[in-house]
Amino acid sequence: VSFDLSDKELYCIEEQDVFDRVYSLVRGFSSLAPSCKFILAESLRSNLSVLLPNVDSLVRVSQVQDDDETPTLDRVTSYRNAFKIYSFFLLHLILTEESNSGPSNNAKVIASSRKKQPVNSWNWESQRGRMLNLIANSLEINLSLLFGSTDPDENYLSFIVKNTFSMFEKATLLKDSETKDALCHIIGACATKYHYTEQSSASIMHLLHKYDFVVTHMADAVAFAEKKYADGTLACSLIREIGRTNPKSYVKDTAGAENIGRFLVELADRLPKLVSTNIGLLIPHFGGESYKIRNALVGVLGKLVAKAFKDVEGEVSAKSIRLQTKQAMLEILLERCRDVSAYTRSRVLQVWAELCEEHSVSIGLWNEVAAVAAGRLEDKSAIVRKSALNLLIMMLQHNPFGPQLRIASFQATLEQYKKKLNELEPVKLTDGMTDGVPSDNDSINGEGDVDNGNAEEITNYQPESLTDSLAHTEQEIASKDNSVPDVGNVEQTRALVASLEAGLKFSECIAATMPTLLQLMASSSATDVENTILLLMRCRQFQIDGAEACLRKMLPLVFSQDKSIYEAVENAFVTIYIRKSPVETAKNLLNLAIDSNVGDQAALEFIVGALVSKGDISSI
């Protein structure tokens with residue numbers, strides 16, 4: 001058979017004798033010896049790979065000859081039949097070998113010696129990847145001449161797509177990157193290039209509901225289709241299908257709901273612009289009963305907002321649309337902080353923490369998020385309180401206002417720069433206004449910030465100048481000098497004043513949570529206590545008013561029967577009060593003892609004794 005396939009014409013597979021012999025070998029492929037498997041697979045693969053370039057030559061011949069000339073039409077028919085047969089046989093070989101790829105069928109291993117190799121094995125993995133890549137590449141040639149239309153035969157596409165999706169059901173197969181990429185290529189080509197979209201969408205939805213391991217692979221396939229063919233039809237079709245699914249159906253199918261949610265998040269990460277354009281189709285699911293879908297949509301919005309902050313290119317009109325879309329998504333995220341489901345409330349707060357970490361929250365929105373997080377500290381659900389505490393920790397760590405957040409420092413600096421601004425503004429009114437009308441160069445953007453020719457300079461200047469100004473002002477206050485450093489023109493000064501006002505508000509917001517944090521340290525939930533201590537340590541680092549006093553209240557918790565609480569208190573105590581220098585450590589402990597009551601002193605004696613016995617505090 002191998003000799004006939006290589007010696008005769010490429011379309012000899014049409015001959016009944018050759019076809020029958022190849023067909024019988026393909027059907028009995030699993031029982032062939034390894035050498036015979038290799039020969040048959042390589043012969044079929046080689047013939048199809050040679051056939052593909054010949055299709056292009058047929059195109060050139062058809063351009064010279066008339067369309068009704070028999071030789072060309074006969075050859076087209078022969079090539080079409082050969083193309084389909086080779087593809088069918090190769091796919092059948094792959095499916096046969098995969099269905100018999102268990103350990104008992106792969107090889108008969110002689111266990112008496114480690115050095116002996118399987119007597120019935122062959123390198124199937126490398127062959128599988130090459131064969132699937134060939135089928136994927138066959139979909140990239142000009143098939144319109146073979147099939148007489150822009151789309152191949154419906155039965156042919158159905159066979160290819162059906163068997164390709166069946167391979168996505170094998171988790172071990174998808175671990176091979178070459179095989180996985182080829183399968184994604186086939187799905188992308190059939191669904192997008194050959195308009196097999198509806199059927200492909202239905203198959204993808206079926207797999208997503210059934211198998212959790214296909215989520216990322218399906219997202220890769222959909223993203224490949226969009227990038228390869230610059231066509232997001234498949235992605236839009238899937239989003240539309242998810243959007244019009246009855247939300248109640250996800251209540252019973254919790255596994256499917258979780259998989260669909262993860263798929264949407266993965267898709268938003270790969271195709272943010274396309275998903276943001278179609279996000280409106282998914283909004284009805286926010287009112288559904290499945291919190292898993294809501295949680296996923298919250299994650300999607302978080303991904304899209306983060307991408308929107310990083311995407312600064314494009315025309316002015318496109319930027320305006322993106323700004324409006326981003327603002328709408330941010331409003332939804334704020335609204336979902338009051339969701340009926342505690343899981344969703346917790347997830348939203350986690351998303352806000354991720355956005356803060358990625359510097360994707362503007363100063364104008366910073367205090368609104370902080371206020372929401374502070375309010376959630378009193379949530380009835382422990383998981384929500386934990387997420388709120390973690391969000392506040394993240395906001396302190398990535399705050400845009402500087403390393404010191406003392407209220408008095410902000411107030412003093414703000415007052416001086418307000419005076420400075422009042423001195424500069426009369427000049428601005430003269431230069432920038434005519435008869436009380438603002439100049440054309442000044443405008444206010446959608447986030448309430450001044451937008452003019454120096455907008456970029458102001459944006460880049462704010463964080464550094466704010467931190468520097470606080471440091472300078474403290475020195476000025478110490479020396480009783482009311483002058484402040486000059487930060488530039490009136491726009492830059494106004495921006496700095498706005499930032500100082502925001503920083504002051506943020507400091508006051510965090511300081512106002514101290515009574516609530518004291519209550520949380522007395523909570524019966526260990527996670528409340530642990531995360532509250534972590535937040536207070538971060539507050540102390542940024543010199544938040546009242547943080548030091550609150551931390552002293554944690555000392556009695558060393559008598560807690562909960563090991564995790566004791567360890568949290570001990571770790572915080574070591575971090576705050578214990579230094580490498582014994583003298584510094586002694587001073588810290590003395591200051592702590594002087595200001596402590598009888599109960600605190602008993603706790604202090606207990607924890608110091610424990611640390612001395614462990615060697616964390618020297619006995620000298």
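Buried means under 20% relative accessible area, exposed over 50%, and partly exposed in between, with a 1.4 Å probe and protein chains only.

## Model and overall content

This is a predicted model: local features need pLDDT of at least 70, side-chain atom pairs count only at pLDDT 80 or more, and totals for chains, interfaces and linings use all residues. Residues are numbered from 1 along each chain as its sequence is written, and side-chain values use heavy atoms, with hydrogens and water left out.

The chain has 30 helices and four strands. These are DSSP runs numbered from the N terminus: helices are H or I with at least four residues, strands are E with at least two. Of the 620 residues, 47% count as buried. A contact means heavy atoms within 4.5 Å. Among contacts in the chain with a separation of 6 or more, 74% link residues 24 or more positions apart.

## Two loop residues with positive phi

Most residues other than glycine have a negative phi. His 359 has a positive phi, near 55°. His 359 sits in the loop between helix H19 (342-357) and H20. His 359 counts as exposed because its relative accessible area is 58%.

Gln 543 also has a positive phi, near 60°. Its loop runs between helix H26 (526-541) and helix H27 (547-552). With a relative accessible area of 28%, Gln 543 is partly exposed.

Asp 220 belongs to helix H12 (residues 215-229). Its relative accessibility is 25%, so Asp 220 counts as partly exposed. Leaving out residues up to four places away in sequence, Asp 220 touches Lys 180, Cys 184 and Arg 270. The side chains of Asp 220 and Lys 180 form a polar contact of 2.7 Å. Such a contact is a pair of N or O atoms within 3.5 Å; within protein, one must be able to donate a hydrogen and the other to accept it, and residues adjacent in sequence count only if both atoms are side-chain atoms. The C-alpha atoms of Asp 220 and Gly 188 are 9.7 Å apart, across 32 residues of chain.

Helix H10 (residues 177-193) packs on H12 at about 55°, with the axes 8 Å apart. H10 is therefore oblique to H12. Axes are lines fitted to C-alpha atoms, for helices over the stretch in contact, and angles run from 0 to 180 degrees between N-to-C directions. Angles under 35 degrees count as roughly parallel, over 145 as roughly antiparallel, 65 to 115 as roughly perpendicular and the rest as oblique. The residues of this contact divide into six nonpolar, four polar and four charged. Ala, Val, Leu, Ile, Met, Phe, Trp, Tyr, Cys and Pro count as nonpolar, Asp, Glu, Lys and Arg as charged, and the others, Gly among them, as polar.

## H20 and its two partners

Helix H20 (residues 363-376) and helix H24 (residues 490-511) cross at roughly 10°, their axes coming within 10 Å. The two are therefore roughly parallel. H20 contributes residues including Trp 366 and Ala 370, and H24 residues including Ala 502 and Phe 506. By class, this contact has eight nonpolar, two polar and one charged residues.

H20 also meets helix H21 (residues 382-397), with axes within 8 Å and a crossing of roughly 145°. Trp 366 and Ala 370 are among the H20 residues here, and Ala 388 and Leu 392 among those of H21. The H20–H21 contact has ten nonpolar, no polar and two charged residues.
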